[in-house]
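User: Please take a close look at one part of this model for me. I would like the helix packing first, and then what surrounds it.

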Amino acid sequence: MWALCGSRGIAVNNLAVLENRVFYSVVQSINSAVILHNRKLEVIFVNDVFESFFDIKKEDALGKSPMEFLPEFDAKHREAIQARLKKTLKTGKKSPWHEFTYYSPAGNLRYLLAISIPVFDNHDKISHVMSLIHDVTIRKELEREVIKAAKLSSLADMAYTLAHEINNPLTGIKLGLSTLYKALRKPENIQVLDSVITDLNRIKNTVDAFLREKKHQIALKRCRSGIIGDIFEDVLFHLSQQMNLNHIEVKRSFCKENRPIVIDRDRLHEVFLNILLNAIQAITKKGEIAITTEIVFNQEDKTDSGRMLISIEDTGKGMNQGHQEQAFQPFYTTRQDGTGLGLSICRKHIEQHDGRVELESVEGRGTTVRIYLPIM
Ligand SMILES: Nc1ncnc2c1ncn2[C@@H]1O[C@H](COP(=O)(O)OP(=O)(O)O)[C@@H](O)[C@H]1O
Ligand SMILES: [Mg+2]
């Protein structure tokens, strides 16, 4: 029937032919697959969209039932489709919408939503059944994203409350230690206390930064790019004991050029600390961490003022592809005592500097974290 409509020789002086042509155009222009089955449920017509939805050529479907033309498809799903078509044929009623997943022969996953509609002949008898199939993959993915975003937002709220709770006793401890400080006279005791206070300040800064972040504040200051090396030295000093214990050798190669950059020193301190801690934790026995800073340019853009590339490369256990993709997700951790917040906080901080952070890892060989910061 619809196949006739394509032939050009027919004069459009007859309403039925015109209707057929209009229907044909509609069926070919909608973004849904249309399949027409005869009473034996064999396919007698499919529109062009059908091919792209199912990754099947029209010729491979024509004359066949769904049980035959979808050989790769899960038998349970094929039976459900067959049952839906049979029911429409028997009852003469539209089926309810039927959602199913489909893996094409090329391995692409689609979420499809289908309905069967009876087609009647001039004697009000069902002559055909039409399947109309929508692709709802994007909607499904968006739904999943919305659920994920809602979960993350409630976790962020929880973290905010937690930070508030931590903040109060921290203030008390800091005050107490300051009082003790005056009572201690021996230089070695003062040294220990100094280091405790430094660590405490760091925690306090982190908590404060987290609480501030909720209000989107970040204390950016104009500095010289050489400061990056200083911040690293600071962090490395803090981690020196852990590095020695794990027999880790650090190689530094800091760029000599001093270009203007705009940074929040405390935040970058936290970023480098998190990344170096991850590197230390990834090196189980003995290994090496190489820290490099350099100025890089986009060769194709003559006006590019460049950016600072900071690379932190370790010879630790590395990650497989799956772990790499999730490493920046909040609360993703493979360590028993991990929080899974380290890398997600790093990314947030770097993005607040208008920068970018990426990770490259080879399982069993090591990991490289690259941070790009803009140069003014
Ligand atoms: N340098 C690294 N080498 C190997 N795995 C790493 C490295 N950095 C991060 N990871 C992986 O990414 C996960 C998330 O890291 P992170 O966000 O810092 O959270 P945490 O350290 O609390 O687990 C880690 O649990 C680990 O599996
Ligand atoms: Mg970490």
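Analyst: **Helix packing and its surroundings**

On the α9 side, Ile-231, Phe-232, Asp-234, Val-235, Leu-239, Gln-242 and Met-243 meet Arg-265, Leu-268, His-269, Phe-272, Leu-273, Leu-276 and Ile-280 of α10. Two residues are in contact if their C-beta atoms, placed from the backbone, lie within 7 Å. Helices are DSSP runs of H or I with at least four residues, strands are runs of E with at least two, and both are numbered from the N terminus. The residues of this contact divide into 10 nonpolar, 2 polar and 2 charged. Here Ala, Val, Leu, Ile, Met, Phe, Trp, Tyr, Cys and Pro count as nonpolar, Asp, Glu, Lys and Arg as charged, and the others, Gly among them, as polar.

This is a predicted model: local features need pLDDT of at least 70, side-chain atom pairs count only at pLDDT 80 or more, and totals for chains, interfaces and linings use all residues. Residues are numbered from 1 along each chain as its sequence is written, while chains are lettered from A and ligands numbered from 1 in the order in which they are written.

Now the geometry. Helix α9 covers residues 227–245, and it packs against α10 at an angle of about 35°, with the axes 9 Å apart. Axes are lines fitted to C-alpha atoms, for helices over the stretch in contact, and angles run from 0 to 180 degrees between N-to-C directions. The crossing of α9 and α10 is right-handed. A crossing is right-handed if the near helix is turned clockwise from the far one by less than a right angle, and left-handed if anticlockwise.

Helix α10 also packs against α12. Their axes come within 9 Å and cross at roughly 145°. This crossing is left-handed. From α10 come Arg-267, Glu-270, Val-271, Asn-274, Ile-275 and Asn-278; from α12 come Gly-342, Leu-343, Ile-345, Cys-346, His-349 and Ile-350. The contact of α10 with α12 divides into 6 nonpolar, 4 polar and 2 charged residues.

Next, the ligand. Around ligand 1 there are 23 residues, and Asn-278, Ala-282, Thr-333, Gly-338 and Gly-342 come nearest. A residue is near a molecule or strand if its C-beta atom, placed from the backbone, lies within 6 Å of it. Helices α10 (265–282) and α12 (342–352) are the elements that give two or more residues to this shell. The largest share, 4 residues, comes from α10. By class, the shell around ligand 1 has 7 nonpolar, 13 polar and 3 charged residues.

Five strands form an open sheet in the order β7-β9-β10-β12-β11, with mixed pairing. Two strands pair if DSSP finds at least two bridges between them. At the edges stand β7 (248–253) and β11 (356–362); each has a single partner strand, so one side of each is left without a neighbour in the sheet. The twist averages 15° from one strand to the next. Strands β10 (residues 307–314) and β12 (residues 366–374) pair in the antiparallel sense over 8 bridges. Glu-313 has Thr-368 in β12 as its bridge partner.

Last, the wider setting. The domain assignment gives domain 1 (31–135), domain 2 (137–217) and domain 3 (218–376). Such bounds come from an automatic or database domain assignment. The C-alpha centres of domain 2 and domain 3 lie 21 Å apart. Their contact takes 6 residues from domain 2 and 6 residues from domain 3.
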